[in-house]
Amino acid sequence: MIRTVNLTKIFRTDEVETTALNKVSFEIKKGEFVAIMGPSGCGKSTLLNILGLLDNPSEGEYFFLNNEVSRFSEKQRANSRKQNIGFVFQNFNLIDELNVYENVELPLIYLGMSTAERKKRVESALEQMQIAHRRKHFPLQLSGGQQQRVAVARAVVATPHLILADEPTGNLDSAHGEEVMNLLASLNQGGTTIIMVTHSQRDAEYAQRIIRLFDGQIINENIKSGHADIPVI
Amino acid sequence: MFSNYLTTALRNLLRQKSYTLINLAGLSVGIASFLLIALYVQHEYGFDKHLSKRDNLFRVVEIQNEPGVGEQHVAITMGPLAGSLKADYPQVVDAVRFMPGFDIQVVSYGEKFFMERSLYYVDPSVIDMFDIHFLAGDPKTALMEPMSVVLSEKTAIKYFGSVNNVTGKSMKLGKRSFLITGIMEEQPQNTHMFFNILVSVSSVENLPDFEWMKGWGSNSLITYIQLDRPSSQEPIERAFPDFLKKHVFSQEEGWEYLEMYLQPMNEVYLNSQHIKFQSVSASGDINLVIAFSVIAILILLVACVNYINISIARSVKRSREVGIRKVLGANRLSLIYQFINESFLLTLLATIIAVGMVELTLPEMNKLLATDFRLDFRDNYLFNAGLFALLIVISLASGSYPAFYLSRLQPVHILKGGKSAKGNSNGYLSKGLVVFQFIISVGLMFALLVIHDQVKFMQKKDLGISYRDAVFLPFGDDESGEHFEPLKAELLKNPEIKSVSGSSFINGVSGSQGPVFVDDSAKTKLTVRFGYVDYDFFEAMGVSFASGRNFDRKIASDKGAAVIINQAAARKLGWDNPVGKKFKPIMGADTTTKTEVIGVINDYHYYSMRSLIEPAVYIMAPDRFRGLVIGYYPRADQQKVLKFIEDKWRSYFPGTPFQPVLASEYAAGSYKNDQKLFSLFVYFTIISGLLSVLGLFGLTSLLIEQKTKIIGIRRVLGGPVWIITARLIRDYMILVLLAGLISLPVSYYLLDQQLAQFAYRIHISAFHMILSVVLLSAIAFLTIVFKAYRAAKANPVEALKYE
């Protein structure tokens with residue numbers, strides 16, 4: 001489903017040149033649940049942005065659903081993104097002015113779906129995330145865990161092939177964090193590919209594989225084998 | 001999708017109540033001001049639009065240059081001009097002469113009599129050229145015969161109670177009887193030439209008193225011509241010098257200088273400030289229309305700038321939403337659409353509020369300007385279309401920044417950690433816009449100070465005459481001599497009444513210009529205003545003598561053989577000691593012998609301060625008096641005195657309406673227009689100032705909110721509160737000063753041009769400039785000091801935690 005070859009991202013300001021990703025190559029198959037780990041500034045988010053078609057790499061190739069997308073225009077990326085990828089963010093990124101229902105509905109609107117179809121899908125996603133009773137509430141009226149459940153509902157409502165989660169439990173206490181992780185795990189069991197950036201070893205446990213990044217390079221690709229003594233950097 | 005945008009927009013507006021309020025208040029006040037001014041401008045441009053041939057109609061204007069008055073443009077022309085133009089040029093399709101009915105004061109039918117002011121002698125061609133529609137009578141013949149009169153609908157009703165069976169009746173105009181040959185539809189009020197009674201010019205043309213109408217030496221009629229096409233104007237104007245040579249200079253001596261040109265009908269109302277002797281019922285001023293249009297646009301710009309500035313400041317918050325929407329699949333177009341939509345919604349709301357505001361303030365403005373403006377959505381298509389265009393333009397102007405800027409942002413840059421969308425360029429844009437607003441505010445404030453001083457100057461300036469505690473009573477057509485003396489004696493019995501004297505008018509002059517010739521070998525000519533006044537006029541009106549003496553009852557030759565001149569006349573003639581100098585007999589002024597100057601009065605303003613005091617010659621000629629000037633003591637109860645006068649008046653002049661002209665009202669009248677437009681100007685300047693301040697307040701609040709982190713760091717590092725506050729304020733003060741530097745030279749130039757219209761004016765000083773900048777700085781300072789101080793004072797821990 002995803003294959004990268006020598007993916008490189010360089011940020012330039014007037015004086016400083018920072019290599020955020022340095023020749024990163026890996027592959028992720030359909031249905032996998034992959035965690036990307038590493039210390040702050042190692043390039044996790046940059047990688048996620050490129051995988052999520054929010055940004056283009058400076059060099060290298062990126063095959064997404066068998067297409068080479070690394071040179072896609074913004075418009076092409078936006079198109080591919082809205083059909084295939086769902087996002088879950090650490091800070092939820094819900095729109096404060098829209099209520100739960102409307103937030104979840106948003107991706108479907110941009111897909112140009114009919115009102116009836118939208119209603120069916122939104123309701124079903126809300127049910128699935130057990131947040132339907134809050135459909136009229138606004139984000140600021142919800143707890144962090146509830147907000148993240150809304151965000152997950154929004155990520156899945158368009159039934160994307162891929163869900164990208166950027167530290168989904170980072171702003172949650174452990175109980176709520178676990179709740180969200182369980183949701184992601186069950187989505188994965190339903191066949192959705194999930195790539196998750198996390199600092200948390202515990203969350204990474206939910207993944208089948210962990211990619212460790214350090215200074216923009218992969219230092220360890222580890223297929224989880226059920227035991228917990230994974231070296232931490 | 002639209003409903004989603006609408007929900008977001010509405011909730012956004014509701015959530016940020018204070019900024020929504022600032023935006024809404026600013027935009028609606030701006031739009032309301034714009035609409036009010038638009039109504040005024042539309043009214044001014046709406047004059048004479050009822051004339052279907054207006055594009056082909058022209059008024060003939062003369063340029064004279066006579067000793068004493070210098071170059072002057074006048075709208076009065078000679079009697080034979082219209083006919084000769086038509087005869088000489090095939091392009092002149094038609095021509096009409098208008099002569100105000102000077103000799104007719106009172107119009108009567110049976111017991112009903114009124115003073116009529118909108119009465120003209122005209123050629124029959126007026127009916128076709130001026131699109132006059134008849135309700136009764138035959139338009140083809142109505143004004144052909146002498147002693148024919150056509151009445152307007154309202155006038156007919158005033159005298160006869162209805163328009164039916166009025167034609168064929170006769171009524172008295174002045175002393176003579178006229179046959180009513182037609183009833184015309186009422187003329188609209190928004191015309192420079194309003195008339196309600198038209199008399200055939202043939203009624204007077206052949207009278208001995210009107211012999212001058214046949215010659216080329218006297219100007220008293222207004223001539224309009226109709227050309228075959230507008231472009232014929234130029235060839236005809238080119239032929240005018242030859243035309244004048246052929247008709248005027250060959251036959252008439254005494255013209256020092258004469259030129260003619262054609263003024264398009266479409267320009268007569270607004271572009272005639274430089275033209276004298278217009279005999280028009282209304283005249284506008286293109287400069288004022290332009291000035292107010294500019295103010296309207298400036299106010300609107302200030303309001304839009306407020307919106308844009310607040311949008312820029314808020315874009316930090318909005319950028320997160322943009323990021324999310326983009327991640328979820330929004331493209332640029334849909335985001336642009338969303339933001340424009342949002343500003344459209346706000347503008348629509350503001351427009352609705354503005355229309356309400358206009359409805360509320362219109363009665364006040366109508367009272368101020370003595371107008372009858374109405375918001376008319378049903379028939380005023382131009383206004384509706386304009387309003388809609390305004391809505392779109394404002395929506396685009398205010399919504400375009402957030403729309404195009406924010407939609408360009410990359411989600412990557414804004415989502416993570418809520419990084420702001422604020423780059424350096426924004427700072428410059430915001431500051432540039434603030435400077436722009438202050439340029440407008442400083443300019444308007446400057447103009448306000450200067451105009452205020454000019455108005456005050458005009459009010460305070462010694463006019464040289466006391467327009468107080470006096471009243472003028474026009475005689476009408478009654479032969480004044482007969483009842484004048486007994487009435488005067490009767491009036492003077494009242495101890496409250498100080499003096500009674502005959503005069504041309506309350507200001508002592510009759511309005512017409514004419515030549516006088518010095519009794520010397522060169523027959524030196526001077527064009528003067530004539531005044532016909534009584535022995536007591538100058539004393540009653542507080543006009544003082546520079547030298548010589550007043551007319552004296554005891555000296556018989558003072559009647560007809562003596563004149564009093566003003567200093568302007570003496571100056572123009574170069575006379576240091578005018579008393580004793582002589583003029584040739586004065587034409588048309590009832591002096592048969594040479595006249596001797598017996599006194600010189602100090603110059604006084606008989607007209608407004610826009611015009612120079614022209615040379616004037618005063619003659620004691622009772623049969624030229626047009627009424628009585630009655631002076632009363634300041635202690636007198638004006639109402640009681642007027643009642644007393646009226647009672648006496650009615651017993652001596654039973655057939656003349658009692659229509660007193662109060663001296664104070666006459667004096668106020670010449671400046672009323674300046675004053676009411678000045679107050680209007682004050683209002684709009686204040687509005688624009690308030691809008692700028694409002695915007696500045698909103699902007700600083702937002703910017704300070706964003707700066708809390710920097711302020712927090714400074715505080716943690718030990719920066720004292722006052723230095724931090726001062727730094728925040730200094731940034732803005734620099735902007736105000738910069739705006740002043742740009743604004744003042746431009747405003748100076750524009751204002752100086754406006755002031756040049758006044759013959760008596762103030763000069764713009766550095767004081768005006770400094771004060772306007774100081775005032776604006778003070779206002780800006782007060783606006784931000786509180787916010788800045790509070791921000792600087794805030795607990796730095798709170799500020800730092802915020803991010």
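This is a predicted model: local features need pLDDT of at least 70, side-chain atom pairs count only at pLDDT 80 or more; totals for chains, interfaces and linings use all residues.

A salt bridge is here a side-chain nitrogen of Lys or Arg within 4 Å of a carboxyl oxygen of Asp or Glu. Elsewhere in chain B, Lys488(B), Asp534(B), Asp536(B) and Arg553(B) are linked to one another in a network of salt bridges. Over all chains, a search of the whole structure finds 39 salt bridges.

**Where the chains meet**

The contact draws 28 residues from chain A and 25 residues from chain B, and the two chains bury about 2500 Å² between them, with 53% of that area on carbon and sulfur atoms. Across this interface the rule finds 8 residue pairs in polar contact, both residues being at pLDDT 80 or more. On the side of chain A that touches chain B, helix H1 (44-51), helix H2 (74-84) and helix H3 (100-110) each supply at least two residues, and the largest share, 5 residues, comes from H3(A). Sorted by class, that side of chain A has 13 nonpolar, 6 polar and 9 charged residues.

Between chain A and chain B the count is 3 salt bridges, and they are set out below.

| Residue of chain A | Residue of chain B | Closest N to O |
|---|---|---|
| Glu74(A) | Lys326(B) | 3.1 Å |
| Asp96(A) | Arg320(B) | 3.9 Å |

Arg320(B) lies in helix H9 (residues 286-327) of chain B and Asp96(A) in the loop between strand S6 (85-88) and H3 of chain A, so this pair joins two chains. Arg320(B) is partly exposed, with a relative accessible area of 25%. Because Glu102(A) belongs to helix H3 of chain A and Arg11(B) to helix H1 (residues 2-15) of chain B, their pair also joins two chains; Glu102(A) itself counts as buried, at 13% relative accessibility.

**A helix of chain B**

Which residues of helix H5 (residues 153-160) of chain B are buried? They are Thr155(B), Ala156(B), Tyr159(B) and Phe160(B), and because they cover an arc of only 105 degrees around the axis, they lie on the same side of H5(B). These buried residues pack against several strands of chain B, including strand S5 (106-109), strand S9 (148-152) and strand S11 (176-184). Just after H5(B), Gly161(B) takes a positive phi of about 80 degrees.

Technical notes. Residues are numbered from 1 along each chain as its sequence is written. Chains are lettered from A and ligands numbered from 1 in the order in which they are written. Side-chain values use heavy atoms; hydrogens and water are left out. Contact means heavy atoms within 4.5 Å. Buried area is the accessible area (1.4 Å probe) that two parts lose on being put together, summed over both. A polar contact is a pair of N or O atoms within 3.5 Å; within protein, one must be able to donate a hydrogen and the other to accept it, and residues adjacent in sequence count only if both atoms are side-chain atoms. Helices (H or I, at least four residues) and strands (E, at least two) are DSSP runs, numbered from the N terminus. Ala, Val, Leu, Ile, Met, Phe, Trp, Tyr, Cys and Pro count as nonpolar, Asp, Glu, Lys and Arg as charged, and the others, Gly among them, as polar. Buried means under 20% relative accessible area, exposed over 50%, partly exposed in between (1.4 Å probe, protein chains only). The arc is that of the directions from the helix axis to the C-beta atoms.
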